[in-house]
Amino acid sequence: MKKIGIGVIGAGFMGSMHAKILNNLPNVNLVGIADLNTAKSKELAESLGIKAFKDYHAMLKEKEIEAVSICVSDNNHLKPTVDACKAGKHILLEKPIASDLEEAETIVKEAKKNKVRLTVGHLLRLDPRYYSLRKNVDSGKIGYPLSIFTQRNSPITDGPARYGSKGNLTLHVAVHDVDLILWVMQKKIRRIYAEHVSIALKKLNIEDAIFVTLKFEDGSIGSMHYNWALPKSFPTHIDAKMQVIGTKGYASVDFAEQGLTICGEEGYQWPDVIHWPEINGIIKGDLHEELVSFVDALVNKKEFIITADESFEAVKIALAINESLKKEKVINL
Ligand SMILES: NC(=O)c1ccc[n+]([C@@H]2O[C@H](COP(=O)([O-])OP(=O)(O)OC[C@H]3O[C@@H](n4cnc5c(N)ncnc54)[C@H](O)[C@@H]3O)[C@@H](O)[C@H]2O)c1
């Protein structure tokens with residue numbers, strides 16, 4: 001069996017899960033992990049029996065490495081991705097592709113220029129619920145899609161606690177829904193208007209919640225609601241919905257309760273069973289599927305399920321939402 005040599009850049013929340021999953025895939029030789037924080041990379045490398053690097057440039061020089069998974073914070077995607085392109089390594093880059101349109105453009109161009117294959121980790125495309133909704137919409141089961149609504153709420157102890165004032169609610173959280181909306185509706189967004197509130201998280205200078213209205217090129221409409229300031233007592237990490245109404249029907253995804261309830265002294269909890277649940281010591285879920293699909297596309301020379309151009313479009317819309325908030329205006333695209 002052909003094994004592909006992979007390195008991971010970033011040993012934080014996501015990078016450590018990417019490394020653990022990759023280390024268990026039969027067609028992967030996980031070579032190393034790089035993080036500026038050497039304590040994090042060393043600890044993870046020791047537990048997985050791989051090399052630890054402080055500087056990812058040194059890891060990119062490893063001949064065995066053909067591909068990298070880049071899991072650094074949202075605002076730092078440009079440099080490691082461009083350097084990986086120049087080193088000729090194929091790339092799985094965590095979402096969003098970049099936090100700035102110029103940077104996103106540079107990343108897409110550098111990948112093409114260096115003939116490097118690049119995909120972005122919009123893992124909800126591999127969530128069976130969204131996948132099935134999209135398949136049904138695509139097959140015409142609900143007729144012509146007229147409107148789409150999405151919701152994504154999470155507790156204040158998640159994103160704001162992890163990223164503080166560097167976190168951006170739209171680029172970090174809502175970019176998932178923007179990508180899903182474009183993928184499900186298969187039409188361009190032409191007009192955007194957004195409103196926000198920042199009271200609970202004012203001290204960090206970030207938004208609590210944002211509501212967005214969308215108008216598509218064919219006249220159909222969309223609405224996005226998202227919030228990352230739910231109280232820490234909220235029983236689950238993700239309270240999400242999607243509802244598509246067409247000329248002949250309706251398709252919806254709706255979950256806060258995840259099919260599993262645990263009640264202890266802290267009250268009810270609805271733990272994640274879809275994105276990265278651990279089963280017999282192995283991380284499964286759609287994150288596992290994302291990495292399996294990345295490796296399968298490289299080993300068996302298949303198309304990536306998410307193209308860099310699609311990810312660029314999602315960031316373009318996310319940035320237009322932020323522009324609407326800043327200018328307090330409708331943004332026409
Ligand atoms: N798909 C999802 O559902 C999901 C969920 C959470 C995070 N993410 C994405 O994953 C990425 C990482 O997020 P996170 O939560 O793991 O962040 P994190 O802060 O936990 O980890 C980021 C790590 O990158 C390291 N780092 C930063 N710059 C570096 C550099 N130049 N070289 C080496 N290491 C560097 C930091 O030291 C840190 O350890 C982000 O793009 C985020 O949006 C995706």
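Two strands count as paired if DSSP finds at least two bridges between them, and that is the sense of pairing used in these legends for a predicted model.

**View 1. The seven-stranded sheet is open and of mixed pairing.**
Follow the strands across in the order S12-S11-S7-S10-S9-S8-S17. At the edges stand S12 (250–255) and S17 (331–332), each with a single partner strand, so one side of each has no neighbour in the sheet. S17 pairs with S8 (residues 189–197) in the antiparallel sense, over two bridges. To find this pairing, look for Arg191, whose bridge partner in S17 is Asn332. Helix H10 (residues 308–327) packs on the sheet, where it touches S8, S9 (209–216) and S17. The direction of H10 makes about 50° with that of S8.

**View 2. Pro145 sits in strand S7.**
Is Pro145 buried or exposed? Pro145 is buried, because 22 other C-beta atoms lie within 10 Å and 20 or more are enough to count as buried. Setting aside residues up to four places away in sequence, Pro145 touches Val137, Met185, Ser220, Val244 and Gly246. Thr247 is 102 residues from Pro145 along the chain, yet 6.6 Å separates their C-alpha atoms.

**View 3. The six-stranded sheet is open, with parallel pairing.**
Its strands come in the order S3-S2-S1-S4-S5-S6. Which strands lie at the edges? They are S3 (51–53) and S6 (118–121), each pairing on one side only. From one strand to the next, the twist averages 20°. S4 and S5 run parallel and are joined by four bridges; in one place to look, Ser69 has Leu92 of S5 as its bridge partner. Helix H1 packs on this sheet, touching S1, S2, S4 and S5, and its direction makes about 155° with that of S2. Helix H9 (residues 285–299) also packs on the sheet, with S1, S2, S4, S5 and S6 as the strands it touches. The direction of H9 makes about 135° with that of S1.

**View 4. Strand S2 (residues 28–34) is largely enclosed by the rest of the structure.**
Why is S2 described as largely enclosed? Six of its seven residues are buried, so the rest of the structure largely surrounds the strand. S2 pairs with S1 in the parallel sense over six bridges. Val28 in S2 is the bridge partner of Ile4.

**View 5. Helix H4 (residues 78–86) has a buried face.**
The buried residues of H4 include Pro80, Thr81, Ala84 and Cys85. Seen down the helix axis, the buried residues fall within an arc of 140°, so they line one face of H4. A handy reminder: an α-helix has 3.6 residues a turn, so residues three or four places apart point the same way. The cover over the buried residues of H4 includes S1 (4–9), H3 (56–60), S4 (67–70), S5 (90–94) and H5 (101–113). After H4 comes Gly88, with a positive phi near 75°.

**View 6. The shell around the ligand holds 25 residues.**
Nearest to the ligand come Gly10, Gly12, Phe13, Met14 and Glu94. Helix H1 (residues 13–24) gives the largest share of the shell, three residues. By class, the shell has 11 nonpolar, eight polar and six charged residues.

Definitions and conventions:
Residues are numbered from 1 along each chain as its sequence is written. This is a predicted model: local features need pLDDT of at least 70, side-chain atom pairs count only at pLDDT 80 or more; totals for chains, interfaces and linings use all residues. A residue is near a molecule or strand if its C-beta atom, placed from the backbone, lies within 6 Å of it. Ala, Val, Leu, Ile, Met, Phe, Trp, Tyr, Cys and Pro count as nonpolar, Asp, Glu, Lys and Arg as charged, and the others, Gly among them, as polar. Two residues are in contact if their C-beta atoms, placed from the backbone, lie within 7 Å. Axes are lines fitted to C-alpha atoms, for helices over the stretch in contact, and angles run from 0 to 180 degrees between N-to-C directions. A residue is buried if 20 or more other C-beta atoms lie within 10 Å of its own, exposed if 12 or fewer, and partly exposed in between; C-beta atoms are placed from the backbone. The arc is that of the directions from the helix axis to the C-beta atoms.
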